Amino acid sequence: RPSQIPNTAIQWESQEQWNVGLDLGFFNDRINLTVDWYKKVSNDMLMKLQLPSYMGTSGNGSSALAAPYGNYGSIENTGLEISLNTHPLTGNFQWDSDFQISFNKNKLKSLQNTASAAIVGYGQWNDVVSMTNVGESLFSFYGYVTDGVYKDLADLQTSAKPAKYPADGVFNRTNTVWVGDIKYKDLNGDGVINDLDKTNIGSPLPKFTFGWTNTFRYKNFDFSFLIDVKKGGIIYSASTGKMLTNGMTSETLFGRDDYYIRKEIWGESDSELSGGAWFDAVYSDGTPANKFMSPQSYAYCKPNYAEFTIYDASYVKLRELTLGYTFPNQWMSKIKIQRLRLAFVGRNLWTIHKKTPQGFDPEASQTSGNGQGIENGSLPPNAVYGFDIKLTF
């Protein structure tokens, strides 16, 4: 079968860009500052066309016919880039420092020739996880806003639910919402939780990024490191949990069983764990009596398609570290070698970030169709340890 629909009318993008720059140097160029502000508008953007669902192009690429690329978007990017290059120490002991920081904001200005009123991004299958509307930032995540958990029978009866059930007033953990299940906000006030209650729940794009490189030299030794920082932006975890027809149930968080939830999250002892049908316990009046998640618990467990699915993608990384030694020329000249340098090199050595589901690295994300910042079992960057030899004859 064909894998993609062709588009013979495709054409080049066009861009208009304004830049204002400033370059300053002080103390015989021991301090250099560069500031650049830009505004770039891209017209006739090359993006995958979003065709009606009957074309078979909706959803994840593994199961859908690939839509053709077309020219149908206008996007504006505005940003500020600052670079600071300094030489704090000179002489026998030298220190060079380079710092760069970037800020960027983008906006979808218009859409043309598309069946959709927005740019839609998909998660693992046909689930819509991002929605970019005209006038908004690109790739904003789209889902439910959480509102705590169902705490007792009265809460189940009076709060909005994924559907107006059960007709007989009997709740059970298999087919209806249950005590401990996550509750979502009824944004349109109709008493039912459905797609009309989904909204923008955050952007994968960072507020700013910066890198800081420092190089030190003393005689024949040199040492350098690069710190890489990303602030802001969120990651959508497509591999966390399962979506049931009646909403999220606590027993399916992370796709784990009751044992994991009870022992690792609620900290129950082995004796408590052997206490029988824990989830089916009820009070004498028929009220479900199983434990419900505390704010700390459900802040850690993040089910799909809602705020719990997303987590902060900010990080601080030791991106690269190098320790080198250059052998003296008088030694090398005796064996007909002009220059020899040996160095230990490490990359992606450590990362500081907030706790994420299943311990994923904040960089363990990917682009999926028209989505960005989606974690679907992606592997983080490998830590690398190695040696460099630079030999000149």
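How many bridges join strand β2 to strand β5, and do the two run parallel or antiparallel?

1. The model is predicted. In it, 12 bridges join β2 (residues 31-43) to β5 (residues 73-89). The two strands run antiparallel.

2. Look next at the hairpin of β5 and β6. Three residues lie between the strands. Among the hairpin's residues, G91 takes a positive phi near 105°.

3. Q17 stands opposite K40 in β2.

4. Now the whole sheet. The sheet is open and has nine strands, with antiparallel pairing. Their order is β1-β2-β5-β6-β13-β14-β17-β18-β21. β1 (14-26) and β21 (384-392) stand at the edges. Each has a single partner strand, so one side of each is left without a neighbour in the sheet. From one strand to the next, the twist averages 10°.

5. A general point for reading the pairings: strands of a sheet pair through backbone hydrogen bonds, either parallel or antiparallel. In a regular strand, side chains alternate between the two faces of the sheet.

Methods
Residues numbered from 1 in each chain as written. Predicted model: local features only at pLDDT ≥ 70, side-chain atom pairs only at ≥ 80, totals over all residues. Heavy atoms only, no water. Pairing = 2+ DSSP bridges. Helix = DSSP H or I, 4+ residues; strand = E, 2+ residues; numbered from the N terminus. Axes fitted to C-alpha atoms, helices over the stretch in contact; angles between N-to-C directions.
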